[in-house]
Amino acid sequence: AREAKAGRNERLLRLALACMGAPSDSLKKTTCWDEANRTVPVQHDLDAGSIEEGRTTVGSSAWAKEVRTCSRPAPGGVSAICIPGGFSIMGDIHQDVLSKHPFEIVPLRAIALSPFYLDQTEFTVGRMRSLLAKYPNIPPPTNKVGTDPYGKYCTWDAASNPAMPVNCISWDSARAACKAAGGDLPTEAQWEHAGRGRGRGWLFPWGNTAPTCCQVSIFRKSPDFPNAPCRALGEGPAAVGTYNGVGCPEGADRSRDGVLDMGGNVREALLDSFSPYADRCGLDTGVTRDPICWLDYVLPRASRGSDWSAGQLSAYSANRSLHTNN
């Protein structure tokens, strides 16, 4: 911003990316200059002097620099993808209004992430069996019992296809399995960064085009929706990677980095406690590096991604949900 009026000197005020979301206080006369000075007294003599025509520092912020190399080797035994780090905005103010989602995805949150790994596919039954053989103390997933009409879609039993995704699993069991495999559950920030094009703000993992039945495992036949639009493709979850784009003109349920089934199939447990964005759990003012919301007293945990029985709107990557054992 510049000021040049009769009797006044010209001044240049640089708006640092680190100050995004850090409000000024007109009563205390404080504002944010940079990451190290977020609540400092307002000054009026910064960068005094003439402003060269066309001068800009847009794109020069270290926060916006993409970092493409993960700092450690990939966990063994699976195809893990290194997701480049960088700057992202979490949440979607337009989607919150349009979908009237019950779990807040506003206010928008500015984050900067280090590179991290995501498995290319959802955690499979075969992989879980191998881990339980080596680590029998991991609580196993639920098998197909009970009166819940969705219980028959739990994928864990001796006859299940090893390529099926693990579902009907507790958060403790999901995390124990990930840690035994050499990794951990992703955070909400990491999942959304990867699932929205790494800073591009995509609506879906593959871009901004609406999902179709051949592209994403959603709205398949279920007890609640026997006539669901995608019923012709079956019911229950599909084997991981089934929606890889083969034979589908609209493409695959594949992220910018090649991660599959982020838009549908089964919901994915995350590391964070489930807390409203407005609480700013795990966040600082301005841009926050590698945020995680961890509250020992908040037992519900977050999950992301849609599932095979949910409708089209649920596939939005900004959507949030509570983790359940289903």
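**Buried faces, cores and disulfides in a predicted model**

C70 is buried, as its relative accessible area is 13% (buried means under 20% relative accessible area, exposed over 50% and partly exposed in between, with a 1.4 Å probe and protein chains only). The structure is a predicted model, in which local features need pLDDT of at least 70 and side-chain atom pairs count only at pLDDT 80 or more, while totals for chains, interfaces and linings use all residues. Residues are numbered from 1 along each chain as its sequence is written, and side-chain values use heavy atoms, with hydrogens and water left out.

C70 forms a disulfide with C82, the sulfur atoms lying 2.1 Å apart (a disulfide is a pair of cysteine sulfur atoms within 2.5 Å). The torsion about this S-S bond is about 105°, so the disulfide is right-handed. C70 belongs to the loop between β4 and β5 (80-83), whereas C82 is in strand β5, twelve residues apart (helices, H or I of at least four residues, and strands, E of at least two, are DSSP runs numbered from the N terminus). With 24% relative accessibility, C82 counts as partly exposed.

The structure holds six disulfides. One of them joins C19 to C32, with an S to S distance of 1.9 Å; at -80° about the S-S bond, this link is left-handed. C19 lies in the loop between β2 (11-12) and β3 (30-31) and C32 in the loop between β3 and β4 (40-41), so the pair ties together parts that are 13 residues apart in sequence. Both C19 and C32 are buried.

Helix α3 (residues 171-180) has W171, S173, A174, A177 and C178 as its buried residues. Seen down the axis of α3, these fall within an arc of 165°, so they line one face of the helix (the arc is that of the directions from the helix axis to the C-beta atoms). They pack against α2 (125-134), β9 (268-273) and β11 (301-304), contact meaning heavy atoms within 4.5 Å.

In the largest nonpolar core, of 19 residues, F123, M128, V166 and L185 touch the most other members (such a core is a set of buried Ala, Val, Leu, Ile, Met, Phe, Trp, Tyr and Cys residues joined through side-chain atoms within 4.5 Å). The elements that give two or more residues to this core are α2, α3 and β9. Neighbours within four places in sequence aside, F123 is in contact with residues including M128, A177 and C178.
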